[in-house]
Amino acid sequence: MSQEEFYNEIGIKKPYFYDLLTASPPPSDLQNRMLSVLDTKTGTNTERRNKFYDLAAESRGEIPADIASLITEHPDKLNEIRKMLATLCNTNTRR
């Protein structure tokens, strides 16, 4: 797939595409569209998807978009998430 095909598929213009290549990663909705196009054209690749979200989040100083989306979609699970993270990190959470 060419770069032109890719940015046309995700619905952005050429200048914005090149801005994204040289600047900070795109917002999460555009990240999701980009991954959707890649999955459609090249097949789903969980490792690629996770790395994409991780790198974008690192550059933006944010939580990866896929994780943030899961948290947002399940606010009733916040205490369970805290407990799980505390267990995974082997730390105590304090409030």
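Predicted model: local features only at pLDDT ≥ 70, side-chain atom pairs only at ≥ 80, totals over all residues.
Visitor: Which residues make up the largest nonpolar core?
Guide: Start with the general idea. In soluble globular proteins, nonpolar side chains tend to be buried together. A nonpolar core is a set of buried Ala, Val, Leu, Ile, Met, Phe, Trp, Tyr and Cys residues joined through side-chain atoms within 4.5 Å. Buried means under 20% relative accessible area, exposed means over 50%, and partly exposed lies in between (1.4 Å probe, protein chains only). Here the largest core has nine residues: Phe6, Tyr7, Ile10, Ile12, Phe17, Leu20, Leu30, Met34 and Val37.

Visitor: Which elements give two or more residues to this core?
Guide: They are helix H1 (3-9), helix H2 (14-22) and helix H3 (28-42). H3 gives the most, with three residues. Helices (H or I, at least four residues) and strands (E, at least two) are DSSP runs, numbered from the N terminus.

Visitor: What is Ile12 in contact with?
Guide: Contact means heavy atoms within 4.5 Å. Leave aside neighbours within four places in sequence. Ile12 then touches Tyr7, Phe17, Leu20, Leu30 and Arg33.

Visitor: How many aromatic pairs are there?
Guide: A pair of aromatic rings is described by the distance of the centres and the angle of the planes. Rings of Phe, Tyr and Trp (its six-membered ring) pair if their centres lie within 6.5 Å; planes under 30 degrees apart count as stacked, over 60 as edge-to-face and the rest as tilted. A search of the whole structure finds four pairs. One of them joins Phe17 and Tyr18, edge-to-face, at 5.2 Å centre to centre and 80° between the planes. Phe52 and Tyr53 also pair edge-to-face, at 6.2 Å and 75°.

Visitor: Are Phe17 and Tyr18 buried or partly exposed?
Guide: Phe17 is buried, at 5% relative accessible area. Tyr18 is partly exposed, at 33%. In the other pair, Phe52 is partly exposed at 22%, and Tyr53 is buried at 3%.

Visitor: Which residues form one aromatic cluster?
Guide: Phe6, Tyr7, Phe17 and Tyr18 do.

Visitor: Where is Gln31, and what does its side chain meet?
Guide: Gln31 sits in helix H3. It is buried, because its relative accessible area is 3%. A polar atom of its side chain lies 2.8 Å from the backbone oxygen of Pro26. Leaving aside neighbours within four places in sequence, Gln31 is in contact with Pro26, Phe52, Tyr53, Ala56, Arg60 and Ala65.

Visitor: What volume does the largest pocket have, and which residues line it?
Guide: Rolling a probe the size of a water molecule over the atoms shows where empty space is left. On a 1 Å grid over the protein atoms alone, a cavity is a set of points where a 1.4 Å probe fits but cannot get out. A pocket is an open set with protein on both sides within 12 Å along at least five of seven lines, and lining residues have an atom within 4 Å of a point. Grid points are joined across faces, edges and corners, and a volume is the space filled by probe spheres set on the points. Here the largest pocket has a volume of about 210 Å³. Its lining is Phe17, Leu20, Leu21, Pro25, Pro26, Met34, Phe52, Leu55, Ala56 and Ser59. H2 and helix H4 (46-60) each give two or more of these residues. H4 gives the most, with four.

Visitor: Where is Pro27, and what does it touch?
Guide: Pro27 is in the loop between H2 and H3. It is partly exposed, at 35% relative accessible area. Beyond neighbours within four places in sequence, Pro27 is in contact with Tyr16 and Arg60. Pro27 and Arg60 are 33 residues apart along the chain, and their C-alpha atoms are separated by 9.2 Å.

Visitor: Is Asp39 buried or exposed?
Guide: Asp39, in helix H3, counts as buried at 14% relative accessibility. Leaving aside neighbours within four places in sequence, Asp39 is in contact with Thr44, Asn45, Arg48 and Arg49.

Key
Residues numbered from 1 in each chain as written. Heavy atoms only, no water. Polar contact = N/O pair within 3.5 Å; in protein donor to acceptor, adjacent residues only side chain to side chain.
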